[in-house]
Amino acid sequence: MAHKQMTPDEVRKRLENNENLSIIDVREDDEVVEGIIPGAAHIPLGELHLRLNEINQGEEHIMVCRSGGRSGKATDFLLSKGFKVKNMPGGMLEWDGKVER
C-alpha cells in the first residue's frame with residue numbers, strides 16, 4: 001500500500017516553525033533511550049494495536065522509526081483503521097534535528 005510521506009527535513013522545518021505536529025515513534029524502548037524527537041509520543045510497533053485509544057483519530061500523525069520500515073508498517077496498519085497518518089522515510093537515521101534523551 002502506498003502511503004503519504006513527510007521527509008525528516010520537512011518534519012524538522014515544521015517543528016522549527018512551531019507547527020503542532022503529532023509524531024509517534026514506534027521504535028523499541030532501548031532505541032528511544034538514544035534520543036527521540038522532542039514532543040513525540042512513544043508507542044512501540046508491537047503495542048500499537050493495543051494502544052489505539054491513545055491516538056487521536058481526528059488529527060494527522062507522523063510515524064517514525066529507525067529507518068522508515070517499521071513506521072511504514074505502522075502507517076499501513078493505522079490507515080487500515082481509519083487514521084490519518086504519514087510515514088517519515090529514512091527515520092531517525094536521517095533525522096538531523098533536536099532530540100530528547
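**View 1. Polar contacts of the His-61 side chain in the predicted model.** The side chains of His-61 and Ser-22 form a polar contact at 2.6 Å (a pair of N or O atoms within 3.5 Å; within protein, one must be able to donate a hydrogen and the other to accept it, and residues adjacent in sequence count only if both atoms are side-chain atoms). The His-61 side chain also reaches the backbone oxygen of Asn-56, at 2.6 Å. His-61 belongs to strand β3 and, with 2% relative accessibility, counts as buried (under 20% relative accessible area; 1.4 Å probe, protein chains only).

The model is predicted: local features need pLDDT of at least 70 and side-chain atom pairs pLDDT 80 or more, while totals for chains, interfaces and linings use all residues. Residues are numbered from 1 along each chain as its sequence is written, and side-chain values use heavy atoms, without hydrogens and water.

**View 2. Strand β3 and its paired strands.** Strand β3 (residues 60-64) is largely enclosed by the rest of the structure, because 4 of its 5 residues are buried. Strands are DSSP runs of E with at least two residues, helices runs of H or I with at least four, numbered from the N terminus. β3 pairs in the parallel sense with β1 (residues 22-25) over 4 bridges (pairing requires at least two DSSP bridges); Ile-23 stands opposite Ile-62. Another 4 bridges join β3 to the parallel strand β4 (residues 84-87), where Asn-87 is the bridge partner of Met-63.

**View 3. Crossover from β3 to β4.** The chain passes through helix α3 (residues 69-80), and this β-α-β crossover is right-handed (clockwise from the first strand over the helix to the second, with the strands pointing away from the viewer).

Methods: Buried < 20%, exposed > 50% of the residue type's maximum accessible area, 1.4 Å probe, protein only.
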